[in-house]
Amino acid sequence: MVARTTTFWLTGLDARRVDVEAHVHRGVPTFVVVGLADRAVQEARQRVRSGITSTQFEFPLRRVTVNLAPAHERKEGAGFDLAIALAVLGASGQVPPARIARIAAAAELALDGTLRPVRGALAMAAAAARHDLDALVLAPESAGEAAAIAGVPVMAARTLDQVVDLLWGRAEPEPVPPPIPVAAGDLPDLADVRGQSGARRALEISAAGRHNLLMVGPPGSGKTMLARRLPGLLPAPSVEESLEISRVHSAAGLLEPGTRLVGRPFRAPHHSASAAALVGGRSLRPGEVTLAHHGVLFLDELPEFSRPALEALRVPLEERAVTIARAHGSISMPADCVVVAAMNPCPCGHSGDPAVECTCTAQRLAAYVGRLSGPLLDRFELRVHAPRALAHGPAGEPSAAVADRVAAAREQLAAAGPRLGEAAERLLTRGIDATLLSGRAAARARAVAGTIAALSGTETVSAEHMAEALAYREVR
């Protein structure tokens with residue numbers, strides 16, 4: 001007898017349908033899983049066998065063959081356990097085959113038949129809705145996460161025997177708990193940063209226009225403090241953005257079961273991170289640039305990152321998305337984040353410091369600066385110095401006051417945005433002729449000037465606004 005049910009496996013942020021077929025027939029008792037299953041899926045045989053027998057069902061003492069279709073795509077992870085168990089029980093007549101054919105199931109099985117949550121429940125719920133299935137069966141922790149997606153009923157169960165009772169109509173599903181909202185906690189206040197009026201101004205422009213920012217200054221000048229305060233200047237994510245953020249972290253296995261993220265992410269990978277860690281690797285899981293979606297990606301000690309890692313960021317910084325192509329598949333993932341980078345002016349960190357003499361040779365300094373390619377620097381609309389001497393000045397505005405201006409500027413930019421005045425256009429033309437700005441750089445200068453005008457509350461970009469925008473491109 002053959003029974004079929006449905007489950008899903010994750011590639012990037014999307015869930016792909018997998019049809020689970022079980023065939024029970026005469027022969028030497030064996031249990032085989034086919035369909036390009038990895039080791040974790042193959043180990044499901046032991047978990048499924050123990051889970052079935054522990055919940056007082058009978059594991060068929062016959063030849064059991066389970067196929068995961070499509071067979072040409074590699075299957076990974078332990079989320080196939082529940083679907084395999086239901087297919088085996090359906091093929092042996094212990095659950096109604098017609099019922100399991102219209103549902104999807106995704107959970108890891110414990111040896112006693114308990115259901116454990118899986119990553120990517122949001123993506124699986126969206127996929128179940130697309131395929132017009134009757135229900136999606138999950139562990140309660142995953143069910144709370146998946147219930148945010150409309151279009152498919154989500155059924156929660158704690159054990160395998162409870163799932164079987166649901167399918168026979170002998171029990172009601174577990175109440176689906178609402179996801180617990182998880183915020184970023186108390187965000188640090190911009191008033192903690194002393195001095196650095198120029199860097200603070202650039203940070204405000206970055207927040208208002210979602211412009212990438214590069215800060216150059218000696219150690220201890222407050223670059224990291226400034227970067228960590230950027231999320232506090234950004235408006236709270238919308239419901240749709242919150243779901244996207246949660247979906248990314250769920251697919252990466254970083255979302256606590258039964259929770260939903262309601263704050264903007266702040267990711268700060270170490271400079272030893274590889275290109276795969278930043279943009280995504282062989283396993284087609286989200287990299288740091290995607291984990292920072294709708295938030296901030298902070299790259300401290302920028303020149304210390306490997307050259308391949310930095311160059312891999314060029315396209316995501318431009319397109320706000322990343323496409324990963326591998327021999328076994330290609331996926332696209334969002335990467336709409338603000339990138340903030342910090343670096344020392346030289347290897348010793350004291351170039352231009354009036355208090356400490358720089359010990360770097362010209363050759364060493366050239367090699368240090370040369371680690372950053374021109375095309376990569378071109379993607380930072382804002383570049384600003386953060387001298388140490390200004391790190392002990394007076395306290396500035398708190399984050400709340402700056403965030404109000406940022407929110408007002410974002411509303412104006414979303415509506416139409418300030419128009420470019422004739423004087424600003426002439427100044428930009430002179431800047432292009434004098435500094436040989438690329439087409440990309442000129443477009444970004446227009447965007448930054450528009451953000452500056454929006455922050456000042458004007459409808460027209462003036463020459464003063466354009467001059468400030470062009471000045472941010474002079475720092476290297």
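Buried means under 20% relative accessible area, exposed means over 50%, and partly exposed lies in between (1.4 Å probe, protein chains only). The model is predicted, so local features need pLDDT of at least 70, side-chain atom pairs count only at pLDDT 80 or more, and totals for chains, interfaces and linings use all residues. Residues are numbered from 1 along each chain as its sequence is written, and side-chain values use heavy atoms, without hydrogens or water.

**Loops**

Start with two glutamines. Gln56 lies in the loop between α2 and β4. Helices (H or I, at least four residues) and strands (E, at least two) are DSSP runs, numbered from the N terminus. Phi of Gln56 is positive, near 70°, and the residue is not a glycine. Gln56 is exposed, with a relative accessible area of 71%.

Gln196 sits in the loop between β10 (180-182) and α8 (197-209). Its phi is also positive, about 55°. Is Gln196 buried or exposed? At 2% relative accessibility, Gln196 is buried.

Another loop joins β4 (63-69) to α3, and Pro70 lies there. The peptide bond from Ala69 to Pro70 is cis, with omega near 5°.

**Helix pairs**

Two packed helices are described by the angle between their axes and the distance between the axes. Axes are lines fitted to C-alpha atoms, for helices over the stretch in contact, and angles run from 0 to 180 degrees between N-to-C directions.

| Pair | Angle | Axis distance |
|---|---|---|
| α2 (residues 44-54) and α3 (residues 81-91) | about 60° | 10 Å |
| α17 (residues 399-415) and α19 | roughly 120° | within 8 Å |

α2 and α3 are therefore oblique to each other. Angles under 35 degrees count as roughly parallel, over 145 as roughly antiparallel, 65 to 115 as roughly perpendicular and the rest as oblique. In α2, Ala44, Arg47, Val48 and Ile52 meet residues of α3, including Ile84 and Val88. Contact means heavy atoms within 4.5 Å.

α17 and α19 are oblique too. Here Arg405, Val406, Ala409, Gln412 and Leu413 of α17 meet Gly450, Thr451, Ala454 and Leu455 of α19.

**Helix α20**

Which residues are buried in α20 (residues 463-471)? They are His465, Met466, Ala469 and Leu470. The buried residues of α20 pack against β19 (419-420), α18 (422-435), α19 (439-456) and β20 (460-461).
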